[in-house]
Every structure is written in structure tokens, then in C-alpha cells.
Amino acid sequence: MKVRPATTADAPAVTVIYAEHVKHGTGTFEETAPTTADMTARMRAVLDMGFPWVVVEDQGRILAYAYAGPYHHRSAYRFTAEDSVYVAEHARGRGYGKAALEAVIAGCRAMGMRRLLGVIGDSGNTASVALHRSLGFEPCGTLPAVGYKAGKWLDVVLMHLPLNGGNESQPA
């Protein structure tokens with residue numbers, strides 16, 4: 001397994017993994033999968049802001065990816081990021097998602113972030129909740145029935161991880 005920074009050349013593989021989640025999962029509330037061009041633009045936007053985006057390869061194939069971006073764009077949120085992590089269906093449960101999210105956490109720490117949020121689609125998404133919990137995230141709320149996808153109402157589970165002392169001191 002190799003975890004490395006993503007480049008826009010990885011967009012086709014990332015698009016395939018994400019499309020799987022859009023079409024068959026409830027972890028994302030998107031209902032139409034983005035094109036490779038759309039994903040390339042999303043990747044550029046994240047990378048141009050200096051946030052981490054990583055891919056996990058095994059035997060030359062990208063099997064997972066994760067990234068962080070701004071939680072919101074208003075300046076008061078500038079020390080808070082939100083993560084996303086996706087694993088190819090056939091590669092789940094093998095540690096690829098954890099390796100990707102660990103790298104994103106490290107990248108957010110290096111940026112000076114003070115809090116990383118997991119905004120997890122579908123309270124039934126127990127694998128993502130367990131992954132975040134295994135890396136120290138704590139639950140901080142549930143937004144009930146805020147999304148409607150695949151014929152059912154879906155919750156959003158909020159989890160957080162303090163970084164660099166969290167709110168115990170003023171940011172630099």
C-alpha cells in the first residue's frame with residue numbers, strides 16, 4: 001500500500017470510485033456522478049487552497065482517496081476543515097480508507113488547522129463512523145433527515161477531531 005499526494009492525473013480513477021458511491025451509496029448526497037472534468041476542477045480547487053488530497057495505491061491501482069477542504073468559506077471558519085474519504089467497493093475493510101484519512105489528518109495538522117470535521121452522510125454509514133472514531137474523532141451531533149436519496153430520508157452524523165490544541169489556545 002502506498003499513500004501519496006494526489007494530482008489531477010488521478011482524477012479518472014478518483015471519479016470512478018466516487019461515482020460508485022454516488023450511484024449505490026448514501027455516504028454522499030450527490031445524486032448525479034461528476035464527470036472526470038468536474039472532478040479535476042474539484043481537485044484543483046482543493047489543492048490550490050493548500051489542503052491535502054491523497055490517494056492510496058496498491059499494486060499500481062488507486063483504491064481509495066481522501067481530502068480535506070474548508071468547512072465553510074467565511075473567515076471565522078478558517079481553522080476548521082472538513083474531510084472526505086472514499087474507498088473502492090471491492091477494497092473496503094482492508095485499511096485503505098484509514099491510511100488515507102491518517103494522511104489527511106497529518107496534512108491538516110501541518111496547515112495549522114485546529115479542528116477537523118467528519119460530516120458523514122447517512123447515520124447507517126457505520127463503517128465511516130467507525131473509521132472516524134478509530135482515529136480519535138468524537139460524535140458531536142446528528143442532523144436528522146436533512147437529505148433525501150434512494151427513496152429515503154437520511155441523517156448527517158457530525159464528528160470532530162481537535163488538532164494542534166484545538167480551542168485550548170489562540171491560533172498563531
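In this predicted model, Phe137 touches Asp83, Leu101, Ile105, Leu116, Leu117, Gly118, His132, Met159, His160 and Leu161, when residues up to four places away in sequence are not counted. Phe137 also belongs to the largest nonpolar core, a set of 43 residues in which Trp53, Tyr65, Ile105, Cys108, Leu116 and Phe137 are the residues with the most contacts inside the core. In soluble globular proteins, nonpolar side chains tend to be buried together.

The sheet of this model is open and consists of seven strands in the order 1-2-3-4-5-7-6, with mixed pairing. Strand 1 (2-5) and strand 6 (138-149) stand at its edges, and because each has a single partner strand, one side of each is left without a neighbour in the sheet. From one strand to the next, the twist averages 25°.

At one end of the strand order, strand 1 and strand 2 pair in the antiparallel sense over four bridges, and Pro5 stands opposite Val54 in strand 2. Strand 2 in turn runs antiparallel to strand 3, to which it is joined by six bridges, with Asp58 standing opposite Arg61 in strand 3. The hairpin of strand 2 and strand 3 has two residues between the strands, and within this hairpin Gln59 takes a positive phi near 50°. Strand 2 is mostly covered, since five of its six residues are buried. Elsewhere in the sheet, strand 5 (residues 115-121) and strand 7 (residues 152-162) pair in the antiparallel sense over seven bridges, and Gly118 stands opposite Met159 in strand 7. Both Gly118 and Met159 are among the residues touched by Phe137.

Helix 3 packs on the sheet, where it touches strand 1, strand 2 (53-58), strand 3 (61-70), strand 4 (80-87), strand 5 and strand 7, and the direction of helix 3 makes about 35° with that of strand 3. The 16 residues of helix 3 (residues 96-111) should span 22 Å at 1.5 Å a residue, and the distance of 23 Å between its end C-alpha atoms agrees with this expectation. Buried positions in helix 3 are Tyr96, Gly97, Ala99, Ala100, Leu101, Val104, Ile105, Gly107 and Cys108. An α-helix has 3.6 residues a turn, so residues three or four places apart point the same way. Just after helix 3, Gly112 takes a positive phi of about 90°.

For helix 1 (residues 11-24), the 14 residues should span 20 Å at 1.5 Å a residue, and its end C-alpha atoms are 20 Å apart, which agrees. The buried residues of helix 1 are Ala11, Val14, Thr15, Ile17, Tyr18, Ala19, His21 and Val22, and what covers these residues includes helix 2 (36-48), strand 2, strand 3, strand 4 and strand 6.

A search of the whole structure finds zero disulfides. Cys108 is in no disulfide, and the nearest cysteine sulfur, which is that of Cys140, is 16 Å away, whereas a disulfide would require the two sulfur atoms to be within 2.5 Å. Cys140 is likewise in no disulfide, its nearest cysteine sulfur being that of Cys108 at 16 Å.

Methods
Residues are numbered from 1 along each chain as its sequence is written. This is a predicted model: local features need pLDDT of at least 70, side-chain atom pairs count only at pLDDT 80 or more; totals for chains, interfaces and linings use all residues. Side-chain values use heavy atoms; hydrogens and water are left out. A nonpolar core is a set of buried Ala, Val, Leu, Ile, Met, Phe, Trp, Tyr and Cys residues joined through side-chain atoms within 4.5 Å. Buried means under 20% relative accessible area, exposed over 50%, partly exposed in between (1.4 Å probe, protein chains only). Contact means heavy atoms within 4.5 Å. The expected span of a helix is 1.5 Å times one less than its number of residues. Two strands pair if DSSP finds at least two bridges between them. Axes are lines fitted to C-alpha atoms, for helices over the stretch in contact, and angles run from 0 to 180 degrees between N-to-C directions.
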